[in-house]
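Biologist: Could you take a close look at the side of chain B that touches chain A, and tell me what it is built from?

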Amino acid sequence: MTALAADRRTRRPFRLAVPPVSGVLRPRLILVCAALVLAVCLLLCWGVAIGDYPVSFPDVVKALAGSGDPGTVLVVQELRLPRALTGLLVGVAFGISGALFQTMTRNPLASPDMIGLTEGAGTAVVAGIVLGWDGGLGIQTLGLLGALGTALLVYLLAWKNGATGYRIILVGIGVSWMCTSATDYLLARGRQFEAQAALGWLVGNLNGRTWSQVDTLALTMVVLVPMALATGRWLRTLQLGDDVAAGLGTPVRTARLVLMLVGVGLIAFGTAAAGPVAFVALAAPQIAQRLAGTAWPPLVASGLTGALVVLGSDLVAREVIPGTELPVGIVTGVVGAPVLLWLLIRTNRAGSGG
Amino acid sequence: MNRRRSLRPVLLCVLLALLLTALCLLSIALGAVSIPPGQALRALFGHPDSQLTQNIIWSARVPRTALGLAAGAALGLSGALMQALTRNPLADPGILGVSAGAAFGIVLAIAVLGVGSLYGYVWFAFAGALAASVVVFVLGRSGRSGATPVKLALAGVAVTSLLFSLTNAIVLTDPDALNRYRFWSVGSLADQDSDVVLRILPFLGVGALLALAMAPALNSLALGDDVAASLGRRLHLVRLQGVTAVMLLTGAAVAVIGPVVFLGLVVPHIARILSQYAGIGPDNRWLLPLSAVLAPCLLLAADIVGRMVDRPVEIQAGALVAFIGGPFFIALVRRRKLAEV
């Protein structure tokens with residue numbers, strides 16, 4: 001039923017039925033993806049162009065290709081590109097991870113922050129800053145360890161003859177609130193200067209990224225994103241409920257474990273690179289779903305929307321108050337929320353699909 | 001239905017009432033100066049052993065306990081209400097923009113208007129909470145299909161994150177605001193005037209009445225919008241009533257004790273699991289009162305523990321609620337084969 005309804009909604013799907021290639025082409029989804037790619041490229045160049053030393057658009061393109069004035073190449077490639085690329089990759093990671101979790105649990109509120117990963121990362125980092133337990137690891141590593149550790153804890157606690165998605169979420173909520181409490185307590189206990197430093201990380205930040213951070217993130221994404229895309233078929237059946245999915249031949253347990261691992265990996269490395277940038281993982285899939293007019297959050301479009309939100313927020317954060325650079329996580333709400341609200345008001349669909 | 005089974009809900013209620021009474025007594029007796037229960041009881045009923053115990057109990061402990069009871073019950077009730085209203089087990093009262101609105105109100109009062117005292121900014125928090133939830137409801141019900149659960153939840157999340165962004169932007173650029181905000185945001189029952197409880201009580205009372213009165217309507221709503229409509233429920237009115245109740249309950253509670261959202265999210269789940277044990281099932285006529293009793297138990301327990309661990313320094317109740325409730329919640333979730341809500 002869902003598939004039929006979805007087909008009808010996308011107006012005129014083409015069914016390619018020339019073996020060995022067959023499948024459904026959704027013109028609107030493809031169009032939306034193309035438009036998103038274009039917008040992301042544009043914002044990336046724009047983000048690289050502005051700053052204390054403005055570079056014109058043609059020069060940016062030339063410098064990205066490695067030619068042109070050596071000074072400009074240095075500024076563009078060494079100083080500004082890592083920041084922009086981190087924003088792009090983090091956005092893609094959060095968007096795809098959010099889409100995975102929301103589809104798997106069939107709940108638009110089930111963003112990965114809900115099950116405690118970002119909170120765990122936050123607690124680890126704040127403890128490092130406030131209590132001085134840094135141990136020379138650096139904030140990024142602490143964040144990564146915190147996120148992965150929390151994920152493992154949640155999975156182990158939820159394990160009882162297998163782990164169902166619903167139990168994982170409920171256990172995750174419990175763990176997530178314990179982490180939040182710990183973070184709040186540490187923030188209230190810490191000295192004001194430390195509290196401010198910790199808060200700066202806690203809202204998500206793209207300032208001062210270097211190539212080494214981009215490399216780590218890019219490497220994990222090269223592994224995880226194709227895995228996420230390859231599971232698309234499982235996602236579509238899981239969304240119909242576990243019983244139906246099993247009936248359609250999906251190995252439910254394996255599918256859920258793989259999806260969970262991919263989602264957790266994406267969110268953990270993303271958080272380590274930029275801090276828990278709020279709202280992206282929750283909003284991007286919902287925005288993409290409404291843009292593409294599908295019945296589920298489309299993975300590629302979700303990732304692109306995530307990148308668009310993060311890059312756009314970064315631009316706003318740098319430009320809105322001249323002289324100060326707000327952390328990007330503060331702006332994602334301001335940029336993403338109106339879009340989501342507008343789409344919510346505009347889309348006219350009754351029932352729980354809302 | 002056999003007789004033993006029908007006794008179980010009553011037993012559950014009696015047990016919970018006993019637990020709550022015991023916690024109230026403990027909350028009155030324990031603290032930086034511990035008072036033996038006998039003396040505490042005598043002071044409560046007007047025969048104090050000394051002026052000192054009289055003062056401690058009536059000017060510090062009783063208002064604090066009353067605040068814990070009132071705010072806890074309000075948060076638990078509005079949590080259960082919110083989850084039934086949006087038909088989403090992950091919804092909490094904060095999702096309606098209430099906590100975010102309150103936080104924004106407080107930060108605005110501190111940073112822009114220079115309001116210094118707690119007493120002054122409680123009202124800004126309340127105003128912020130009310131304004132935010134009205135905006136969420138209006139946005140959530142616009143469009144031709146009216147207010148659907150998903151739209152309401154998503155509109156709430158969007159407005160919440162918008163407001164939190166603005167709050168954080170102010171807090172990060174204004175160190176003074178950060179300093180006061182971080183203490184409010186941890187959630188504390190201490191140092192509150194007894195006046196504050198009395199002043200928020202009317203709001204809580206009206207909210208609680210509205211909430212409890214709509215339990216049967218929520219039961220119909222659980223069957224889906226169409227079924228509820230064909231059972232004669234007017235969906236718009238039910239949603240309006242529910243949102244008003246959540247707004248009053250959470251707005252008042254959060255304004256005073258800070259955003260202790262964990263209670264609203266988790267207590268309804270605990271109530272649901274307990275009611276499964278008692279053989280009642282997910283009946284909102286039981287779930288709402290159960291949540292209203294369980295939440296203050298948890299809040300008072302957290303407050304008492306916060307006073308005792310590190311005497312005479314106190315740890316704020318809001319920071320401890322999750323630490324005391326979390327493990328208990330996880331254990332319950334693990335024990336029971338969960339019915340999907």
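Modeller: Chain B has 14 helices and zero strands, where helices (H or I, at least four residues) and strands (E, at least two) are DSSP runs numbered from the N terminus. This is a predicted model, in which local features need pLDDT of at least 70 and side-chain atom pairs count only at pLDDT 80 or more, while totals for chains, interfaces and linings use all residues. Residues are numbered from 1 along each chain as its sequence is written, and chains are lettered from A and ligands numbered from 1 in the order in which they are written.

Turning to the part you asked about, 48 residues of chain B are in contact with 49 residues of chain A, contact meaning that the C-beta atoms of two residues, placed from the backbone, lie within 7 Å. On the side of chain B that touches chain A, two or more residues come from each of helix 6 (149-173), helix 7 (175-184), helix 12 (261-277) and helix 14 (317-335) of chain B, and helix 6 of chain B gives the largest share, 16 residues. Sorted by class, this side of chain B has 30 nonpolar, 13 polar and five charged residues; Ala, Val, Leu, Ile, Met, Phe, Trp, Tyr, Cys and Pro count as nonpolar, Asp, Glu, Lys and Arg as charged, and the others, Gly among them, as polar.

Within chain B, among contacts between residues at least 6 apart in sequence, 75% join residues at least 24 apart, and for chain A the corresponding value is 72%.
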